[in-house]
Amino acid sequence: MSTKINLTLKVWRQKNAQTPGHFETYQARDIDTDASFLEMLDVVNASLEREGKEPIAFDHDCREGICGSCGAVVNGQAHGPERETTLCQLHMRKFRNGDTVTIEPWRAKGFPLIKDLVVDRSAFDRIIAAGGFITVRTGQAPEAHATPVPKDKADWAMDAAQCIGCGACVAACPNASAMLFVSAKVTHLNVLPQGQPEKTRRVLNMVAQMDKEGFGNCSNHYECEAACPKGISVKNIAKMNRDHLVASIAG
Amino acid sequence: MTSNGLDSKTPSGPMAEKWTRHKFDMKLVNPANKRKYTVIVVGTGLAGASASATLSELGYKVKTFCIQDSPRRAHSIAAQGGINAAKNYQNDGDSVYRLFYDTIKGGDFRSREANVHRLAEVSVNIIDQCVAQGVPFAREYGGLLDNRSFGGAQVSRTFYARGQTGQQLLLGAYSALMKEVTAGGVTLFPRREMLDLVVVDGRARGIVVRNLLTGKLESHAGDAVLLCTGGYGNVFYLSTNAKACNVTAAWRTHKKGAYFANACYTQIHPTCIPVHGDYQSKLTLMSESLRNDGRIWVPKNPEDKRPPHEIPEADRDYYLERKYPSFGNLAPRDISSRSAKEQCDAGRGVGPTRQAVYLDFRDAIERLGKDVIEARYGNLFQMYERIVDDDPYKVPMMIFPASHYAMGGLWVDYNLMSNLPGLHVLGEANFSDHGANRLGASALMQGLADGYFVIPYTLSHYLGSTKLEPVDTNHAEFKKAEEEARARIDKLLSIKGKRTVDEFHRQLGLLCWDKCGMARDEKGLKEALQEIPAIREEFWQNVTVTGAGEDFNQSLEKAGRVADFLEFAELLVTDALHREESCGGHFRVEHQTEDGEAKRDDEHFAYVGAWEFKGVDAAPELHKEPLVFEEVHLATRSYK
């Protein structure tokens, strides 16, 4: 059954990228433990607005864990303490009455800050634009059953394709590496028969764009996998590295 | 005042040949001329992303706008269950004609036949296209595609990617879009919100948007505008829609002259997690696919306080199976939702609020084993447990209906063009294909049909047959639209009242849910028509919007959207009040059979009700498009 709890929040406030930021302390009172983390922030924001103060800016949209809009580092963990959970699906029953909760934005060179907890993740779009697709125009497609796809390959592709592009992997990585994100898309397309013709250029172009965006390298900390709300495996990074090596030799 | 003059431009000829013939009859644009046209696409859900990609592939210059930080986040991403297509891979009697028929019947005979037939025809191409893009649909061990059944159908024609079909289809369309960004055909404008449509010489020629990062207004001119901005389910405040889903783009367009059709056809989805607190910001859908294996029931005795697993079979009422033996738990959404409401109204609701019914997997787990159920619905069960803190493998889920989808929308003709020339409306934002009730797994089908396979032809026809003078953003109409948008923003910021935007939205939502939700009557609707303007008036005097206009300002974004919902809600109620019949998602208490089923009135209401804006405080004017049924005989819908 739900109860009410009180929390002390330390929230990163920053007007914009040009202005230095700081932690601000807020009291979150009478928070229902059945509320989601974002609903808790709604409650705090409503009281700020009633006082004529600017609410805490944070990205969010679907609030069911699939759009990838939301995310913040909560007590040092991307998306908070619950595994395989986006911030919007984290519920307040995971906290205790009297807890202090620190809330910070994703911090990475590749994700410039916009305001408070909002960062610019457009680098991910540019990485996809570099090769995260299969070149097929509308109308060109053959009959769907023309190419059977072995079930294990289809399942593997689906495991990787579940990535929601939230950026938690980057935020959790000590090197701010985007390799889990990039490898998830490379794997999704490179294991499918439909993705074979562009396999080589896909991995080369996407990795080149990733480097250009200022993301760091993978040094096997596996923090990305631990933070990923969709449980995307670091095996995808190994697969991408293999594909990249083969492509580099072949290319 | 009403008129009967709306021309749907439906082609003549036999139903099955209309689209093929029409494709031949339509004008084409020469490949070398296509790059001279600029097409503005607003929204990057399935309809907007697929249209942008396809038009760019054809050679048009495309400018694509979305409200999110990335086009990949549009709310199509949240669709769980699947997408229908008449492939008949299961050899179970499906065909284009059956999908067409099921959709017409499912829509309670309030959709336009020719559109629906076209939808069924192109459904098969969608699957081919998505597979070629690398969409990882579920497959069988032989490597071929798997299907499942969905509400309102007796065949298995639904293709799916676990419980994330919308996500995978949207990521497919998004990848095609990003491919075209790289190819140079599409210019992307994320974090932009459309605030107005610009009409020059009677034609849609551009838009005014607010850059949500800087708060600055921007004008964009083009040769045609495609609105792919989704539905208005958030008018109820609590809904399964994403928080940013809104009616603003559609509503401002309506105020510029585009007719709004069938607003009262709202879909209340039967399987959502029930409301549990007043802090709640949204409702979460549990895919309808759960009804394939879950059985819906309530205790027979309202006083039965035993935990569900202690209630024996004899004391349970599997009311859908009892009332609709041939469809059982797979009855269409409108019927299932209304039945749940009926049970709760009769006091048989369960859970702390008594506004819920059980969705029980006990029998399926016994029959198939936990592993099979986990493979089918694992991610949904996990989501449920996370939100409710109950384990659905052990305890039945509790579900209740919630606002989910808008069948109504901007009126379009067969070519997806509004009465306002040059303005095209795709996907959920238009009214066209689902009549008064949408069947499961049909929204994804329609969004992609419109974007991939319909608009490329019909837009070419418009551009190829229209003489368009050059227009740029220095035109007085752009300046005027910008000034109006700016004045509105300044006004919102100047009120500095006492109540938050969300408080007003919640108040409006509750009112619409009570008076214009799953059941409506004349008295309630008339009361709503009194109350909505009063809320609106208070909003413009007492809302508090903090921050500055030319800044990243989420309070201001919300305020603009709620201001439009406060106007739109009146149209929703007006349409519901005028439609003196029950059909699909529109249930008028006065119009029901003895056993409580919806009673249509084909003699007086077999038409599309398209409303013309006449001013915020003036009554809108009704235009009728008569619905002519050439193929399917009007019949009382029965799922018994």
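Start by selecting Phe65(B): this residue is buried, with a relative accessible area of 1%. Here buried means under 20% relative accessible area, exposed means over 50% and partly exposed lies in between, using a 1.4 Å probe and protein chains only. Before you go on, note that this is a predicted model, in which local features need pLDDT of at least 70, side-chain atom pairs count only at pLDDT 80 or more, and totals for chains, interfaces and linings use all residues. Residues are numbered from 1 along each chain as its sequence is written, chains are lettered from A and ligands numbered from 1 in the order in which they are written, and side-chain values use heavy atoms, with hydrogens and water left out.

**Stop 1: aromatic rings in chain B**

How many aromatic pairs does the structure hold over all chains? There are 31. Phe65(B) and Phe189(B) make one that is stacked, with 4.7 Å centre to centre and 10° between the planes. Phe65(B) belongs to strand β3 (residues 61-65) and Phe189(B) to strand β6 (residues 186-189) of chain B, so the pair ties together parts that are 124 residues apart in sequence. (Rings of Phe, Tyr and Trp, the last by its six-membered ring, pair if their centres lie within 6.5 Å; planes under 30 degrees apart are stacked, over 60 edge-to-face and the rest tilted. Helices, H or I with at least four residues, and strands, E with at least two, are DSSP runs numbered from the N terminus.)

Next, pick Trp251(B) and Phe568(B). Their ring centres are 5.9 Å apart and their planes stand at 80°, so this pair is edge-to-face. Trp251(B) is in helix α7 (residues 248-255) and Phe568(B) in helix α16 (residues 554-578) of chain B, which links parts of the chain 317 residues apart. Trp251(B) is buried, at a relative accessible area of 3%, and Phe568(B) is buried too, at 0%. To see the aromatic cluster they belong to, also select Tyr232(B), Phe260(B) and Phe613(B).

**Stop 2: charges over rings**

Now show Trp12(A): Arg107(A) lies over the face of this ring, at 4.2 Å from the ring centre. In chain B, the charged end of Arg118(B) sits over the ring of Trp19(B), 4.8 Å from its centre. (The rule asks for NZ of Lys or CZ of Arg within 6 Å of the ring centre and within 35 degrees of the ring normal.)

**Stop 3: where the chains meet**

Show both chains together. The contact, meaning heavy atoms within 4.5 Å, takes 78 residues from chain A and 73 residues from chain B. The two chains bury about 6200 Å² between them, 52% of it on carbon and sulfur atoms. (Buried area is the accessible area, with a 1.4 Å probe, that two parts lose on being put together, summed over both.) Which residues of chain A lose the most area to chain B? Select Glu64(A), Thr138(A) and His145(A), which together make up 11% of what that side buries.

The rule finds 10 salt bridges across this interface. To visit a salt bridge, select Asp551(B) and Lys15(A), whose closest N and O atoms are 3.2 Å apart. (A salt bridge is a side-chain nitrogen of Lys or Arg within 4 Å of a carboxyl oxygen of Asp or Glu.)

**Last stop: Ser36(A)**

Finish at Ser36(A), in the loop between β2 (22-32) and α1 of chain A. At 5% relative accessibility, Ser36(A) counts as buried.
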